[in-house]
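Hi there,

Here is the structure I promised to pass on to you. Have a look at it first, and then read on for my notes.

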Amino acid sequence: MVFQKDKFKIRIAHSIQQKKNHVYLDLKCKRELISEIIFGDKKVRKYPTTIQLPITYKCNFDCVMCGMRNLAKQQDFTADELGRILEDKLYSKVISIGINGGEPFLKTDLEQCVEVMLEEISTLKSISIISNGFFTDLICKKLSSIKKMATNKGVKVHLALSVDGIDEMQDFMRGAKDAWKNVNTTIDRLFEKKEQYFDSFKTICTITKHNVYSLYEVEDWAKERDIEVSYNIATINVRIDNEKKLQDFSIFGDEKARMFAAEFFYKRFFNSRSQRDFALFLFITTGERYAACDCQYNRWVTLTPNGRLGYCATHSKDIGNALEQSSYKIFNKNTKYLREIKRDYCRNCSHYMYRLNRIGIKKYFDEIKRIENC
């Protein structure tokens, strides 16, 4: 049944390609379509393939869309404790780890933690790190060490720095003087010897009602520097304790901001035929999610800085302490709660919109057809 659906989707793509040769019909897009079908089997996994790892509560910023400052005094796990956690069989099929925070480069034993990951997880293929880019010297020093260790193990290092606006807007969004100046200094330094620090690089822009009107400035800056930008819609995130700030930052409480964001992503989709841009456009205009999420079927697990587990990083409460119990048992005995998350939150969640779901795919091709016929 799966293969029949694969062939059907490819036939659709092939027929449209014969009509007009657009970028969205290249080999990459075909692979995405096949991937959506394969991963759409709704099978809940017992072994996740990705760890979402906010590695520290420490942060030097006070971002308008984040409540991490409320958690800053909590204790992080040590490298030894992380090693004990990762010995559990739950992590035996992990291929990727996403490290964020807080600000991960403020964790004093960050390199030791990465060394533990590389030693304990033999299946690991990639490590992705998200940073605010403020501490140039510290980032370069630690990242160079991490890249060397990872390369020796055949593991790729992907780096993302947060850029939410140009000049004063970056400082305002991140709640810190010189945020814009320092992230640019860090990028300049890293780009002098890219191979020493990362295998791929991008920036992440989190959209609020404050910076939404500055997005084209971010686009121009990124194009000038040949840097990829990945956009996220700021929303409630249990892990960073930002619910009380929602009305202060959400575009959904400001109709003008919401409409501007919708226009922005539709233009991007029109030019790129990107599934992600179209998924974000649909979410902004309808308030509903038409994108697949690996968290829904336990392909991801979240491990917080105090050693506790959750399903998604956005809405999941703590489901157990991995320093006190088996991660495998915690993860697999709470699937009833996972169903509750899917029922109550997933339909209206804007996170991790990389790949459209089946309904989204149909809307995607319908819109392309409409454009072609105009």
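A polar atom of the Arg-239 side chain lies 2.9 Å from the backbone oxygen of Gly-101; a polar contact here is a pair of N or O atoms within 3.5 Å, where within protein one must be able to donate a hydrogen and the other to accept it, and residues adjacent in sequence count only if both atoms are side-chain atoms. Before going further, please note that this is a predicted model, in which local features need pLDDT of at least 70 and side-chain atom pairs count only at pLDDT 80 or more, while totals for chains, interfaces and linings use all residues. Residues are numbered from 1 along each chain as its sequence is written, and side-chain values use heavy atoms, with hydrogens and water left out.

Back to Arg-239: you will find this residue in the loop between strand 6 (229-233) and helix 10 (246-249). Helices (H or I, at least four residues) and strands (E, at least two) are DSSP runs, numbered from the N terminus. Arg-239 counts as buried because its relative accessibility is 18% (buried means under 20% relative accessible area, exposed over 50%, partly exposed in between, with a 1.4 Å probe and protein chains only). Leaving aside neighbours within four places in sequence, its contacts (heavy atoms within 4.5 Å) include Pro-54, Met-68, Asn-100, Gly-101 and Thr-302. Thr-302 is 63 residues from Arg-239 in sequence, yet their C-alpha atoms are 9.6 Å apart in space.

Another residue to look at is Asn-298, in the loop between helix 12 and strand 7 (300-303). Asn-298 has a relative accessible area of 0%, so this residue is buried. Beyond its neighbours within four places in sequence, Asn-298 touches several residues, among them Val-44, Arg-45, Tyr-311 and Phe-331.

Now for the helices. Helix 11 (residues 255-272) and helix 12 (residues 275-286) have axes that come within 8 Å and cross at roughly 155 degrees (axes are lines fitted to C-alpha atoms, for helices over the stretch in contact, and angles run from 0 to 180 degrees between N-to-C directions). That makes the two helices roughly antiparallel, a label for angles over 145 degrees, with under 35 roughly parallel, 65 to 115 roughly perpendicular and the rest oblique. Residues of helix 11 such as Phe-265 and Phe-269 take part in the contact, as do Phe-281 and Ile-284 of helix 12.

Enjoy exploring!
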